[in-house]
Structures are given as C-alpha cells and as structure tokens.
Amino acid sequence: MEDWLSKTYQMVESDHDAPLEAVVDLVIIDGPSLKQLRSKVRARRRAEEPVFLPFLLLTVSRRGSMPGRHLGRVVDDLIVRPLNEKELQARVANLLRMRRWSLDLKKEHDRVMKLAVTDDVSGFHNTRYLHRYLDRLSETPGAKAPEVCLVFFDLDDFKCLVDKHGHLHGTKALKEVAHTVHRVLDEDDRLVRYGGDEFIVILPRQDKDKARAKVQRMKRVIASTSFLEKEGINARLTASFGLASFPEDAKDKAELLAEADRCLFQSKSEGKNRITIVELERAA
C-alpha cells in the first residue's frame, strides 16, 4: 500500500506514543487499530470540525462479519483486502477531493463571516461586531463581569472637510483616521466605525486610568497627523471623546453605550477636542 501511494502522496507513519496527532489530510487505519483507537478517532474528527478529515478503513471480510458496520459513524470509506492498486488510488483520491472541498468551504465561510462584521469604509469592525461583543458581557453579570472601557469619539467639524473637498475625500479621510488611531491601540483593543464620522473603541480588561491614558494618545495622534497628504490637501482634524466603563458605570450594553455617548456630547458642547469621563464629569 505504501509503495503504491508514495508515488503520488507524502506518507506519514503514525507515532506510537501520539497516534492520530500528525498533521495529515487522510488517515488510513486497519480494523484492530480502529478498535483500539476508536475514541481517539472520534476526538480527532471533532477537533477538525467543521473541516472534514477522512478516515479510510482497511478490513477483511470474514464469514458472518459486517465490514461496513463502522461506515458513516467512525470511518468514511473502507477497502476489503486483498488490496487492488487502482481501487486504492481511486478511494484515496475521492476522499482527498472531499477534504479539499471542505477546506475551501471553510475558507469561504470564514471570509463571509469576516465581511459580515467588517466596515467597508474603515476596514475595521462594524456595529454588528460591536453588539455581539457587548452582548457577551451579559453572560458574566455582576462582580464576575470582566472590566471593559468603551470610548465614543467623533471628528470635530468633519462636515467642513466634506463640504470643501467632497464625499470621496471625506471617506478616505475616515479610513486614514481609523488607521491612525489603530496604531496607538493594543492587540486586544477593538476599533469600530459606528456611523458617519463616529467611532467606538473597546478597551477590554482596562481600568479608567489606563483607558484615559490611551484615549489621550488617540486624541494627540489625530491632532498631530496630516490627513489626505497624497491628495495635496493636508487636512488637520481633531476629535472629541467620551469614556465609560462596564460594570462600574453601567449594568448592561445599552447603559454603557448611553453613558459613553453622553460624555461625548458633553465634550462637544464644552468646546470639542477634549475627553469627558463618567463620574469625573469634566473634560480634559
């Protein structure tokens, strides 16, 4: 069997100490091994889901035996000895084809799922992602809930840029702002375009002091960056910010969004280009 298949495929022998742990696209197993490793076979199949990892059973036909009893439950195909090279090659090729289709479907599924939570202007997350993330907070309510700071910000007088240079330049400026802010965020932070020129930043496992320091960096980097340089516009922008935390300032998603939004409104009403934080009730 190995002589026949090694002409086309790379063969990997099973590790005696760690069977079924190698990275492979098809597992060929005989009856005695299947009996011994049945639980490991099922565990490996579950670990690969939703991708299909095929198992091909080599078996023998005995009087009164049922070679196909494992088919569909534990293995995906079987060959009864004595082996035939053409049949073996055909069965292997068919199972590997199914494996490739499964991998392609998984890639397409992942791509669609990513698009479903991606904002097409900024290239970062959209509100669908935001609500899914915040909904998970309710799964661990009260004192056990992980601390999360939420930052609402929008660009000051952004309409002036759009009125002067057009919507296409305005859209490009929004993308540049998103990438500029993202550079000062950490790996676990999440940037969401909320709509128009409004953004939300999710800061998980950060208290208000750490979050405020990060928001100050966001505020500075926006104010110090020249946008639309390639277009020769060199626009200067500032932003206003509102900061609230969960569960300190809100008991659920709706309250958290409302508190951060209220602080943003206060920053705008008190002169823009500033940060307002719940409880402190003052702008910085």
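The questions below take the residue, then the sheet.

Analyst: This is a predicted model, in which local features need pLDDT of at least 70 and side-chain atom pairs count only at pLDDT 80 or more, while totals for chains, interfaces and linings use all residues. Residues are numbered from 1 along each chain as its sequence is written, and side-chain values use heavy atoms, with hydrogens and water left out.

User: Is aspartate 76 buried, partly exposed or exposed?

Analyst: Buried means under 20% relative accessible area, exposed over 50% and partly exposed in between, with a 1.4 Å probe and protein chains only. With a relative accessible area of 24%, aspartate 76 is partly exposed.

User: Which side chain makes a polar contact with the side chain of aspartate 76?

Analyst: A polar contact is a pair of N or O atoms within 3.5 Å; within protein, one must be able to donate a hydrogen and the other to accept it, and residues adjacent in sequence count only if both atoms are side-chain atoms. A polar atom of the aspartate 76 side chain lies 2.8 Å from the backbone nitrogen of phenylalanine 55. The side-chain partner, at 2.9 Å, is arginine 45.

User: Which strands stand at the edges of the open sheet of five strands?

Analyst: Strands are DSSP runs of E, at least two residues, numbered from the N terminus, and two strands pair if DSSP finds at least two bridges between them. The order is β5-β6-β4-β9-β10, with mixed pairing. Two strands each have a single partner, so one side of each is left without a neighbour in the sheet: β5 (190–195) and β10 (275–277).

User: In β6, what is the bridge partner of valine 151?

Analyst: Strands β4 (residues 148–155) and β6 (residues 198–204) run antiparallel and are joined by seven bridges. In β6, the partner of valine 151 is valine 201.

Note on methods:
Helix = DSSP H or I, 4+ residues; strand = E, 2+ residues; numbered from the N terminus.
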